[in-house]
Amino acid sequence: TVEIKEAKACLKQLRISPRKVKIVLDLIRNKDVAQAAAILKNTNKIACESIEKLLKSAVANAEHNYEMDRDKLYIAECYVTPGIMKNMKRVMPRARGSAFRILKRTSHVTIKLRERV
């Protein structure tokens, strides 16, 4: 049996809505690392900067911890899950003195890298 090595990096409590992060992750899924970095560099989305930093961290983990070859790496999995909203609840005034709650959403982003065979 062949053991599949996998390197990953996680970003917790990113202050961007998971819906906005998912759009960027869909662009880079199953791409080579160099191609994904180029896509992130040239895409005009607020989440790109954080995801690019996370991708560099995942590549560094792969090279340092698992002795993987940087040129063969690709993004095997990338996903986002919602984080907590407990700390950042805000209020928007509404009609007749009432108030609506604004939820400041956060995200947990995970990127997993594997080597192409």
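**Fold, surface and cysteines of a predicted chain**

Glu-3 sits in the segment that precedes β1 (7-14). The model described here is predicted. Glu-3 is exposed, and its relative accessible area is 70%.

The chain contains three helices and five strands. Along the sequence, these elements come in the order β-α-α-α-β-β-β-β. The radius of gyration is 18 Å, well over the 13 Å that the globule rule gives for 117 residues, so the chain is more spread out than a compact globule. The overall extent was also computed. Along the principal axes, the C-alpha atoms fill a box of roughly 65 × 30 × 20 Å.

Contacts within the chain were examined by sequence separation. Among those with a separation of 6 or more, 75% join residues 24 or more positions apart. Of the 117 residues, 32% are buried. The accessible surface of the chain amounts to about 8,100 Å². Carbon and sulfur atoms contribute 50% of that surface.

Charge was considered next. The chain carries 26 positive side chains and 12 negative ones. The centres of these two sets lie 18 Å apart.

How many disulfides does a search of the whole structure find? The search finds zero. Cys-10 is in no disulfide, and the nearest cysteine sulfur to that of Cys-10 belongs to Cys-78, 12 Å away. A disulfide requires two cysteine sulfur atoms within 2.5 Å. Cys-10 has a relative accessibility of 38%, so this residue counts as partly exposed. Cys-78 is likewise in no disulfide. For Cys-78, the nearest cysteine sulfur is that of Cys-48, 12 Å away. Is Cys-78 buried or exposed? Cys-78 counts as buried because its relative accessibility is 3%, and the cut-off for a buried residue is under 20%.

Conventions:
Residues are numbered from 1 along each chain as its sequence is written. This is a predicted model: local features need pLDDT of at least 70, side-chain atom pairs count only at pLDDT 80 or more; totals for chains, interfaces and linings use all residues. Side-chain values use heavy atoms; hydrogens and water are left out. Buried means under 20% relative accessible area, exposed over 50%, partly exposed in between (1.4 Å probe, protein chains only). Helices (H or I, at least four residues) and strands (E, at least two) are DSSP runs, numbered from the N terminus. The radius of gyration is taken over C-alpha atoms; the globule rule is 2.2 Å times the number of residues to the power 0.38. Contact means heavy atoms within 4.5 Å. Accessible areas come from the Shrake-Rupley method with a 1.4 Å probe; for residues, only the protein chains shown count as cover. Lys and Arg count as positive and Asp and Glu as negative; His and the chain ends are not counted. The place of a charge is taken as NZ of Lys, CZ of Arg, CG of Asp or CD of Glu.
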